[in-house]
Amino acid sequence: MNDNMKLVLKALRSGEYKQTTEALQDENGYCCLGVMCDVFEKETGGRLRKEDKTGHIYGGELDDQEGVQEWVGLRHPDGTSKNDSPLVSLNDYNGYTFSEIADFIESEPKGLLV
């Protein structure tokens with residue numbers, strides 16, 4: 001796991017972010033991948049694609065945001081690992097909290113990270 005993902009894990013556990021589903025960011029908060037995007041932007045000064053009307057982070061997976069996937073070291077843009085659900089599913093459909101998602105990432109399931 002790279003140092004950038006460690007920053008993301010800290011952010012996921014911080015309580016700073018409200019959790020939402022089915023979008024990187026919306027009026028309710030962020031999904032786990034949206035937190036990755038926000039940390040990327042804060043740490044690198046990189047520019048994310050934003051929604052025109054709301055200014056929220058655009059998209060539903062990391063392939064919608066250039067450079068973030070590589071920066072955090074995920075193998076797939078939805079956070080798919082070899083034998084487990086993608087991070088998108090854990091966040092959106094399985095009801096995992098950010099802290100539980102951080103624990104999952106920290107366990108480094110096979111195929112999740114490069």
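Here are a few notes on the salt bridges in this predicted model.

1. Overall count. The structure has six salt bridges.

2. R13 and D103. These two side chains form a salt bridge, with N to O at 2.7 Å. R13 sits in helix α1 (residues 3–13) and D103 in helix α5 (residues 98–106), so this contact ties together parts of the chain that are 90 residues apart in sequence.

3. R13 and E106. R13 also makes a salt bridge with E106, where the closest N and O atoms are 3.0 Å apart. Again the link runs between distant parts of the chain, from E106 in helix α5 to R13 in helix α1, 93 residues apart.

4. How accessible is R13? Its relative accessibility is 36%, so R13 counts as partly exposed. D103 is partly exposed too, with a relative accessible area of 42%, and E106 falls in that class at 44%.

5. K50 and E41. Another salt bridge joins the side chains of K50 and E41, at 3.5 Å from N to O. The cut-off for a salt bridge is within 4 Å, so this pair qualifies. K50 is partly exposed at 36% relative accessible area, and E41 is partly exposed as well, at 23%. Buried means under 20%, so E41 stays out of that class.

Definitions and conventions
Residues numbered from 1 in each chain as written. Predicted model: local features only at pLDDT ≥ 70, side-chain atom pairs only at ≥ 80, totals over all residues. Heavy atoms only, no water. Helix = DSSP H or I, 4+ residues; strand = E, 2+ residues; numbered from the N terminus. Buried < 20%, exposed > 50% of the residue type's maximum accessible area, 1.4 Å probe, protein only.
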